Amino acid sequence: MNMMEMVLALFAVVFFSTVAIMYNQAVWDQSEILIHSNKYVQSSHLTHSVLDEIDARLFSKQLAFANIKTQYNTTRSLILTHTGGTYNMQISAVDCDSLGVVLATPVANNIYTLVTVQTNTAGLRQPVVLRRVYTKTHLNL
Amino acid sequence: MNVIIDVLGSVIIGSMLLLMMITFQYGMRESADRALYTKEMINNMDTAATKLNAVIALAGIGFDPGATVIYAAQDSLVFRTYWDYQNDRLGFTINTLSIRLANLPSPYGRALTIRQNNVPLNDLGYIFWIDGLQFKYYDRNGALTTQATSVRSAESWLTFFRNPPRADGRVLRSRLQVRCYFMNAYMRGA
């Protein structure tokens, strides 16, 4: 085998290795997107359930409106038995205006609170973030 | 002679590489098909969970919180409400809703079935690609309960499946865990 043949053989090896790596990468990308989608659906429903929990507790007067900020500035770590995996949630509650814009300076007797829930887990490409503005009514404590 | 050996060698190597490319292509195609099927299943998972949440949220309208749930078992949930899910409005008669997995005539297999007064809902009364359903119930303080009168929220453990694109492939499976609140019970003080 002369020099030219060796160089050609090397090119062939590089070319086919590149093709093989590209195929593998494409399959891995598909797999990662599916894992992300699956985790996203689970995370979004978990996130939603925290916001529903606040609503439910406000309705039943188990939670005073003023206590949203004290009880829902926290983190939670959920281990899901059925689906498997640990989901980390970061919950924050701040004063806001009627449009959900965070107030730079607190207003006395403010009737709007913005709750933000951010959920993350392994396999999720970016965390799921949901926000809900809670308004104090005469039905709330 | 040397030339013939060289040609034979290059033909064998070329064939092997071509075979490798064809195998890659088939593998890639199967993977893409599975991804497409799984994507549709994940979409179905979201639809099922959203529907369950919407149905359970309107349970118990017009009833005391303790009288809403008739039957709270691991595999099924039965409750009462004045909400008419078929027409999506508040009704004047009591409606009994049941949520359970049911066997359907061939070739449909099993489906998550939501019935109002024993008639499947027109809108998503049957939700397919589900072969596992388990409920867990919680009282107003978030503690597990098995008493129908104490149920204020339900957690659904759903197992989804879908047959693979290729007959000899593995069945596609996925799971989801969803917590739904009986909002009307909470609105009445739970």
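Student: How many residues lie between β2(B) and β3(B) in their hairpin?

Tutor: Good place to start, and remember that this is a predicted model. Strand β2 (residues 76–84) of chain B runs antiparallel to strand β3 (residues 89–103) of chain B, and eight bridges join them. One of the pairs is B:Phe79 with B:Leu97 in β3(B). In the turn, B:Asp88 has a positive phi of about 55 degrees. The number of residues between β2(B) and β3(B) is four.

Student: Which residue takes a positive phi in the hairpin of β3(B) and β4(B)?

Tutor: Let's follow the chain onward. β3(B) pairs with strand β4 (residues 110–116) of chain B in the antiparallel sense, over seven bridges, and B:Arg100 stands opposite B:Thr113 in β4(B). Six residues sit between the strands of this hairpin, and the one with a positive phi, near 75 degrees, is B:Gly109.

Student: Which strands of chain B stand at the edges of the open sheet, each with a single partner strand?

Tutor: Look at the order first: this open sheet of four strands reads β8-β7-β9-β10 (chain B), with antiparallel pairing. Each edge strand has a single partner, so one of its sides is left without a neighbour in the sheet. The two edge strands of chain B are β8 (144–145) and β10 (172–181).

Key. Residues numbered from 1 in each chain as written. Chains lettered and ligands numbered in written order. Predicted model: local features only at pLDDT ≥ 70, side-chain atom pairs only at ≥ 80, totals over all residues. Pairing = 2+ DSSP bridges.
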